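Reader: Hi! Could you walk me through this fold, starting with the sheet?
Author: Happy to, here it is.

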Amino acid sequence: MSDPQQDSQQSNTPGSLLDRVKIILVNTSDCRNIGSAARAMKTMGLSQLILVDPIEMPNGQAQAMAAGATDVLANAKVVSTLQEAIEDCGLVVGTSARSRTLPWPMLEPRGCGEKLIAEAGEYPVALVFGRESSGLTNEELQLCHFHVQIPANPDYSSLNLAMAVQTLSYEVRTSYLLAHDKNYQERSTGNGKLLAKSKNEGEELYPVSEEIERFYQHFEKALKATGFIVENHPGLVMTKLRRLFNRARPDVKEVKMMRGIFASMERSSKE
């Protein structure tokens with residue numbers, strides 16, 4: 001049996017950080033795009049490919065498009081829902097190609113790479129890509145802490161799935177090298193800064209996605225108990241609250257404190 005302390009130390013070493021970055025493809029319709037995405041990932045040192053309910057499972061065509069990255073393709077994990085794919089992740093960034101009716105905290109690609117690498121030492125992180133034709137649904141985007149949009153030419157912003165994976169994977173790798181590769185730092189002529197995150201004494205981690213979902217479920221239950229949310233007419237209350245708390249990103253202790261408040265609200269409503 002492995003030593004938990006040793007496992008924790010190993011998970012924070014530079015060489016393992018890229019292994020903690022998940023590339024998640026949701027409901028992909030053409031398996032060739034999965035193969036091309038696997039190739040894009042491997043060129044940037046990423047290996048954790050998660051497929052959410054793919055319409056066409058990878059086959060010989062996908063392997064051909066993957067070229068030398070058939071190992072990434074072969075090791076891809078298939079799950080039924082996005083929530084299942086991200087349940088152990090402390091940071092989830094969803095790709096969005098268009099403005100939404102309800103704006104969400106946004107990152108540009110460089111900042112996305114920096115944030116993923118800065119937090120990958122603490123827990124798995126995820127970069128989520130949607131369907132080729134329609135992207136991610138609003139419900140799926142609400143499961144993400146941040147959205148990222150590639151600033152393509154507005155007159156011709158057509159990026160296929162593999163191109164988008166390649167672009168953002170490059171930003172992840174660049175941030176990784178700036179943080180942990182001395183040779184790269186010495187060669188860099190940009191204004192990159194060292195991004196390695198060190199956890200301060202007493203600093204709390206962020207909760208993983210599974211814990212955050214329980215938090216929102218408890219929040220909604222408490223608001224219904226007080227009558228703030230009407231069962232048959234919930235409106236956009238929880239969507240707006242998700243946006244608020246995703247922007248604030250409460251840590252583990254803060255989430256526990258809030259759930260204590262929710263429990264108190266539920267008790268008061270019964271008295």
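Author: A definition to begin with: two strands pair if DSSP finds at least two bridges between them. Helices (H or I, at least four residues) and strands (E, at least two) are DSSP runs, numbered from the N terminus. In strand 6, V92 has A126 as its bridge partner.

Reader: Thanks! Before we go on, what kind of model is this?
Author: This is a predicted model, where local features need pLDDT of at least 70, side-chain atom pairs count only at pLDDT 80 or more, and totals for chains, interfaces and linings use all residues. Residues are numbered from 1 along each chain as its sequence is written, and side-chain values use heavy atoms, with hydrogens and water left out.

Reader: Good. What is the strand order in the sheet?
Author: The order is 3-2-1-6-4-7-5, in an open sheet of seven strands with parallel pairing. Strand 3 (77-79) and strand 5 (106-107) stand at the edges with a single partner strand each, so one side of each has no neighbour in the sheet.

Reader: Which strands pair with strand 4, and over how many bridges?
Author: Strand 4 runs parallel to strand 6 (residues 125-129), joined by four bridges. On strand 7 (residues 146-148), also parallel to strand 4, there are three bridges. G94 stands opposite V128 in strand 6, and its bridge partner in strand 7 is H147. V93 faces F146 in strand 7 as its opposite residue.

Reader: And is strand 4 buried or exposed?
Author: Buried means under 20% relative accessible area, exposed over 50%, and partly exposed in between (1.4 Å probe, protein chains only). Five of the five residues of strand 4 (residues 91-95) are buried, so the strand is largely enclosed by the rest of the structure. L91, V93 and T95 point one way, V92 and G94 the other, and all are buried. In a regular strand the side chains alternate between the two faces of the sheet.

Reader: What about strand 6, buried or exposed?
Author: Strand 6 is mostly covered, with five of its five residues buried. On one side sit V125, L127 and F129, on the other A126 and V128, all of them buried. Strand 6 also pairs in the parallel sense with strand 1 (residues 21-26), over five bridges, and K22 stands opposite A126 there.

Reader: Changing topic: how many aromatic pairs are there?
Author: The structure holds six. Phe, Tyr and Trp rings (Trp by its six-membered ring) pair if their centres lie within 6.5 Å; planes under 30 degrees apart count as stacked, over 60 as edge-to-face and the rest as tilted.

Reader: How are the rings of F219 and F245 arranged?
Author: Their centres are 5.5 Å apart and their planes at 85°, so the pair is edge-to-face. F219 lies in helix 11 (residues 209-226) and F245 in helix 12 (residues 237-248), so the pair ties together parts that are 26 residues apart in sequence. Both F219 and F245 are buried. Ring pairs also link F215, Y216, F219, F245 and F262 into a cluster.

Reader: Nice. Last one: where is M57?
Author: M57 is in the loop between strand 2 (48-52) and helix 4 (60-66). With 45% relative accessibility, M57 counts as partly exposed. The C-alpha atoms of M57 and D30 are separated by 8.4 Å, and these residues are 27 residues apart along the chain.
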